[in-house]
Amino acid sequence: MNKTKRKVLIVDDDVFTREMYADIFRQSGFEVLEANDGVEGVDVATTKMPDVIFTGIVMPRMDGFTLIETLKKNVLTANIPFFMSSHLGREEDRKRANDLGVKEFIIRDFTTPGEVVDLVSAIFAEGSEYALDFDKYNLDAQRLARDLSFNGHFQCAECNEPMILKLQVGAKGVHTTQFVCPRCGWRQV
């Protein structure tokens, strides 16, 4: 199966920083687009339509805030998620980024490039739901059944079908899980 790569646009005037993030995103399976400043970022974003934009703040011609404001006004790019990187981590910059709807305000000295990729990757999993089957006698399954006051066979109380575990990925690593019957839909609460 040929899975389409997610496209990230990295906008930063510091070549070393931009190339460092480009390399780590490529190694993590992203297609990488690059721009030197906000003006170039607007052009690349409107022509290449990235899935996410990672931008710095201070740049010549157009800063990161103006880049975001400009792209938010364009119907084609308004819903692209933004991540903003700051050298300084000033509170007024964080507030302005939040007001603009930036997903994450990242302070470079406190967040590794690998952690940045993890944060960006997490937004694509958000809202995903997974159905998991498991061995009811493996590892901690029986202890889980006791702790949840659930029958140790993990069978539906309505139709006796083996239950599955549904996991829904939420924002910022918060997940919900629930046992569900695949036949009748009965749920263990």
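Met49, Val75 and Leu76 make a nonpolar surface patch of about 310 Å². Such patches consist of residues with over 30% relative accessible area and no salt bridge, nonpolar side chains (Val, Leu, Ile, Met, Phe, Trp, Tyr) being joined within 5 Å; a salt bridge is a side-chain nitrogen of Lys or Arg within 4 Å of a carboxyl oxygen of Asp or Glu. Accessible areas come from the Shrake-Rupley method with a 1.4 Å probe. Valine 75 sits in the loop between α3 and β4, and its relative accessibility is 72%, so valine 75 counts as exposed. The cut-offs are over 50% relative accessible area for exposed, under 20% for buried, and partly exposed in between.

This is a predicted model, in which local features need pLDDT of at least 70 and side-chain atom pairs count only at pLDDT 80 or more, while totals for chains, interfaces and linings use all residues. Residues are numbered from 1 along each chain as its sequence is written, and side-chain values use heavy atoms, with hydrogens and water left out.

The protein has six helices and nine strands, taken as DSSP runs (helices H or I, at least four residues; strands E, at least two) and numbered from the N terminus. Of its 189 residues, 36% are buried. The accessible surface comes to about 11200 Å², with 51% of it belonging to carbon and sulfur atoms.

Leucine 71 touches Val42, Ala45, Thr46, Ile53, Thr77, Ala78 and Phe82, leaving aside residues up to four places away in sequence; contact means heavy atoms within 4.5 Å.

Rings of Phe, Tyr and Trp (its six-membered ring) pair if their centres lie within 6.5 Å; planes under 30 degrees apart count as stacked, over 60 as edge-to-face and the rest as tilted. Phenylalanine 25 and phenylalanine 54 form a tilted pair, 6.4 Å centre to centre with 50° between the planes. This pair links distant parts of the chain, 29 residues apart: phenylalanine 25 is in helix α1 (residues 15–27) and phenylalanine 54 in strand β3 (residues 52–55). Both phenylalanine 25 and phenylalanine 54 are buried. Ring pairs join Tyr21, Phe25, Phe30 and Phe54 into a cluster.

Note on methods
Buried < 20%, exposed > 50% of the residue type's maximum accessible area, 1.4 Å probe, protein only. Patch = residues over 30% accessible without salt bridge, like charges linked within 9 Å, V, L, I, M, F, W, Y side chains within 5 Å.
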